[in-house]
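Here are my notes on the model, point by point. Please read them with the structure open.

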Amino acid sequence: LEARYMAAIEAAGDVPALEEVRVAALGKKGEVSLKMRDLGAMSPEERKVFGPALNGLKDRLTSAIEAKKSALEADALNAALASERVDITLPAARAPKGSLHPVSQVMEELAVIFADMGFAVAEGPDVEDDFHNFTALNFPADHPARDTHDTFFMEKGEDGTAKLLRTHTSPVQIRTLMNSEPPVRIIAPGRVYRCDWDQTHTPMFHQVEGLVIDKDTHMGHLKGCLIDFIAAFFETDEVEVRFRPHHFPFTEPSAEMDVRYERVGDAVKVGSGDKWLEILGCGMVHPNVIKACGLDPDVYQGFAFGMGVDRLAMLKYGMSDLRPFFEPDPRWLSHYGFSP
Ligand code: PHE
């Protein structure tokens, strides 16, 4: 009997089959249980022999069943684990991934380069007033210089004056100087607006303004700073620049800085060639600007510059047209390596 049940337990292939064996042997009407019931009808002598024998059998079968059950459950768990295994070496599905716009990337590069030279970052609003955008920057009232900026004006407010979209980042010079004590050394990156549209002009574009005000700052500092900047930005000393005399109401003397470049097929290449692209305006801050900000121009001087970020991006990445920067076409961006 024992051998038969032990063999059946061993042969059970899964938990339900094992349960059947248990019921057949030890269930209420199981073979072993029925035999135990027979004990009652036996003589005391017989019971002394069969009682312990049957109890021993029952215990051995019970523990054999328990052991088999644990083994079957462990097998079932291992099988489930094996069938649900994830192959972590399979390549993951690639989701299209965005990236920073080239103009944003260049803005960040500029901030890093100027941070290395000790410039902090300042900001001002896109919607400006006439005072900060023009008057405090020494633009004479009703002077034609205001027209050259092709200003977008807002509707007149209650007080009869019209706000405007800043035409350059220079108003941040005023906001900074009115709110801080020299020495001042800041850059001001941001969007600017002019009513203009062609291959190298868009109605919204980006500038980074620079302003240094201290007691002994001179034109040599201005040139050195910008030449160092160009070498850092293009990662070479080979890019040739030239300073051309110019006029701005808020600087005296004033200059524009150009970068030498050439056209190669559809692209532009900096450093060689017979063409020059204007990338920034600069000069020594006009005494009237320093005065308008409540400082003494006999004590403080300095220089300022305002560069076209989009044009710098164009030169750095060899693009020949500015306008696609503002037509968000992923194919064009990926062509220049800006998205996967
Ligand atoms: N604000 C000038 C422009 O937009 C650039 C400039 C800035 C020139 C600072 C001189 C000094 O054209």
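How do the residues lining the largest pocket divide into nonpolar, polar and charged?

1. The lining of the largest pocket divides into 17 polar, 13 nonpolar and 8 charged residues. Bear in mind that this is a predicted model. The pocket has a volume of about 740 Å³. Its lining counts 38 residues. Nearest the centre lie Arg194, Gln207, Phe248, Glu256 and Glu278.

2. Several elements build this lining. At least two residues each come from β6, β7, β8, β10, β11 and α10. Strand β10 gives the most, with 6 residues.

3. Glu256 pairs with Arg244, at 3.0 Å from N to O. This pair links strand β7, which holds Arg244, to strand β8, which holds Glu256, across 12 residues. Glu256 is buried, at 9% relative accessible area. Arg244 is partly exposed, at 26%.

4. Glu278 meets Arg311 in a salt bridge of 3.8 Å, N to O. Arg311 lies in helix α10 and Glu278 in strand β10, so the bridge ties together parts 33 residues apart in sequence. Here Arg311 counts as buried, at 14% relative accessibility, while Glu278 is partly exposed, at 28%.

5. Shared partners extend the Arg244–Glu256 pairing: salt bridges join Arg242, Arg244, Glu256 and Asp258 into one network. The whole structure has 15 salt bridges.

6. One of these bridges joins Glu128 and Arg175, with the closest N and O atoms 2.7 Å apart. Glu128 sits in strand β2 and Arg175 in helix α7, 47 residues apart. Glu128 is buried, at 1% relative accessibility. Arg175 is partly exposed, at 26%.

7. The second largest pocket has a volume of about 150 Å³. Its lining has 5 nonpolar, 2 polar and 3 charged residues. Among them are Met117, Phe119, Arg185, His221 and Cys225. Strand β6 and helix α8 are the elements that give two or more residues to this lining.

8. The cut-off is 2.5 Å, and the count for the model comes to 0 disulfides. Both cysteines are buried: Cys225 has a relative accessible area of 9%, and Cys282 has 2%.

Terms used. Residues numbered from 1 in each chain as written. Predicted model: local features only at pLDDT ≥ 70, side-chain atom pairs only at ≥ 80, totals over all residues. Heavy atoms only, no water. 1 Å grid on protein atoms, 1.4 Å probe; cavity = no way out; pocket = protein on both sides within 12 Å on 5 of 7 lines; lining within 4 Å. Points joined across faces, edges and corners; volume = space filled by probe spheres on them. Helix = DSSP H or I, 4+ residues; strand = E, 2+ residues; numbered from the N terminus. Nonpolar A, V, L, I, M, F, W, Y, C, P; charged D, E, K, R; others polar. Buried < 20%, exposed > 50% of the residue type's maximum accessible area, 1.4 Å probe, protein only. Salt bridge = Lys/Arg side-chain N within 4 Å of Asp/Glu carboxyl O.
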